[in-house]
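Subject: Structure for you to look at

Hello,

Here is the structure I promised. Please open it beside this email and follow along as you read.

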Amino acid sequence: MSAASGITMASMSTYAILGCGSVGHAVAEELVNEGKDVLILDADEGRVEALRDQDLNAKQADIAEDDIVDTVADRDVILIMSSDVNANAEAVRAIRAGDGEQFIVARADDPVSADELTDLGADVVINPSSVIADSALRALETGELEYRATQLADVIDGTGERMAILIHRSPDPDSIASAAALRAIAESRDVAADIIYEGEIGHQENRAFVNLLGIELSAREAVDLADYDTFALVDVAKGGEPDIDDIDIIVDHYEHDHDHDVAFSDIRPNVSATSTILTKYIQELDLSLDQTVATALLYGIRAETLDFKRDTTPADLTAAAYLYPFADHDTLEQVESPSMSPETLDVLAEAIRNREVQGSHLVSNAGFIRDRDALSQAAQHLLNLEGITTTAVFAIADDTIYLAARSKDIRMNIGKVLSDAFGDMGETAGHSTDASVEIPLGIFTGLDTSDDNRDTLLELTEEAVKRKLFEAMGVDSSGGESPNGN
């Protein structure tokens, strides 16, 4: 740490700029406009005269000479802005060698010279090329978003009757929130839109999310798709794409398995939630943000990133920060703390009784169930057991084996584990920390379900599922702890 560390920003009232090319001149003008006391030093006599003609306090001096220390001794902040990085290094060395306590900002041209200036004692090192590149990329991103927003609006405006927004099977908060945002965009342009889903709204948090926010959803079997002339797929890639041929709009944060010829597509694997993407469009289109939509989008981002603990990107954080003031936080608290149903309690109790632990990995059989969504809650609760980093809970319902898994082990991708274990026989979905699989029971056991063979089916399923899971996790299931984890 340099001697300048004791100087506070509030005390920085006098400045010296060493080297006044285009960068130094721009900094000088900005500081003078802010009413700062600025001394400019430059070796070029003609440039110094020109600066004086602009009523700037400029002196001729070679910044690489040792006597520069005395010239800037009364200055609080030294900005060394010369394009000659060797001269900049000499200036930093001389000031620090003379016990200068000033705050030093120095210009570098590349990472090597930046490291050198830092080692010599510069408090801040800047690289104009990097600054310009960052600025150009931000401008490009802003321009691209503006262009995409115009494209999206044009496709929505082309709707003749009604727009269908299709989300993935048994949708999660990110999918529902993103669809609600797209519907809000459509309605702002006087286009009617419906959110259409397949399967069930599972998981008590998801049901609480929909009910408390009053988000209107339509079941696929309750609508006639012929009533719609614009179709949008929103956040469907990881939950199963709806069987629709003529798609006009796709918005997702995962790449799709199938190519679609669409009028508008925005797929961004570099963000963690589709809600983040839709928030950007809400901002770009300058829409008045409805509290319900804001709350839904914020919860969608939080749910998808596990409250910003999983794969969170700067875009997710800035979107959440934008949404935060508009959201209903009392409602969010209710969504996140729903009451547990009696069946969920039963499933959790059965999973606790039947658990098998190998190392820090827990696998459990919950038997035959009615509410398969209870599995994910059981897997999450079991993750709180001492010493457990990965859980998987499975059960049988409707001639299908359902399995939910959770992991807080940063070395493990639980989605890949399930894909490796069951991808050739079932449908897997999820992330590195949260995943699920559905396997047709007949494919897995070779037996049909009947009242007479329920116990046999359960026994075969338990043995095979546990073996495959532990193998995929890299755990030897032949040894280890007892089924009760003792």
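This is a predicted model: local features need pLDDT of at least 70, side-chain atom pairs count only at pLDDT 80 or more; totals for chains, interfaces and linings use all residues.

Which residues of helix 1 are buried? They are G24, H25, A28 and L31. These residues cover an arc of only 130° around the axis, so they sit on the same side of helix 1. Now turn to the other side of helix 1. There, S22 and N33 are exposed.

You can check the length of helix 1 too. The helix has twelve residues, 22-33, and at 1.5 Å a residue it should span 16 Å. Its end C-alpha atoms are 17 Å apart, which agrees. Just after helix 1 comes G35, with a positive phi of about 80°.

Next, two helix pairs. Two packed helices are described by the angle between their axes and the distance between the axes.

Start with helix 8 (residues 204-213) and helix 12 (residues 329-336). They pack at an angle of about 150°, and their axes are 8 Å apart. Angles over 145 degrees count as roughly antiparallel, so helix 8 and helix 12 are roughly antiparallel to each other. Their crossing is right-handed. From helix 8, the residues E205, A208, F209, L212 and L213 take part. They meet T331, Q334, V335 and E336 in helix 12.

Now take helix 13 (residues 342-353) and helix 14 (residues 374-382). What is the angle between helix 13 and helix 14? It is about 50°, with the axes 9 Å apart. Helix 13 and helix 14 are therefore oblique to each other. Helix 13 passes helix 14 in a right-handed crossing. On the helix 13 side, T344, V347, L348, A351 and I352 make the contact. On the helix 14 side, they meet A374, L375, Q377, A378, H381 and L382.

The loops are worth a visit as well. Look at D55 in the loop between helix 2 and strand 3 (58-60). Its phi is near 65°, a positive value in a residue other than glycine. Is D55 buried or exposed? D55 has a relative accessible area of 73%, so it is exposed.

D286 is in the loop between helix 9 (274-284) and helix 10 (291-304). D286 also has a positive phi, near 55°, and is a residue other than glycine. Its relative accessibility is 68%, so D286 counts as exposed.

Then find T433, in the loop between strand 17 (427-430) and strand 18 (434-440). T433 has 17% relative accessibility, so it counts as buried. What does T433 touch, leaving aside its neighbours within four places in sequence? It is in contact with L306, R310, A405, R406, S407 and I414.

Last stop: D229. This residue is in the loop between strand 9 (218-219) and strand 10 (230-234). At 35% relative accessibility, D229 counts as partly exposed. D229 and G158 are 71 residues apart in sequence. In space, they are 9.2 Å apart, C-alpha to C-alpha. Leaving aside its neighbours within four places in sequence, D229 is in contact with T159, G160, E161, R162 and D248.

Best wishes

Technical notes:
Residues are numbered from 1 along each chain as its sequence is written. Side-chain values use heavy atoms; hydrogens and water are left out. Helices (H or I, at least four residues) and strands (E, at least two) are DSSP runs, numbered from the N terminus. The expected span of a helix is 1.5 Å times one less than its number of residues. Buried means under 20% relative accessible area, exposed over 50%, partly exposed in between (1.4 Å probe, protein chains only). The arc is that of the directions from the helix axis to the C-beta atoms. Axes are lines fitted to C-alpha atoms, for helices over the stretch in contact, and angles run from 0 to 180 degrees between N-to-C directions. Angles under 35 degrees count as roughly parallel, over 145 as roughly antiparallel, 65 to 115 as roughly perpendicular and the rest as oblique. A crossing is left-handed if the near helix is turned anticlockwise from the far one by less than a right angle, and right-handed if clockwise. Contact means heavy atoms within 4.5 Å.
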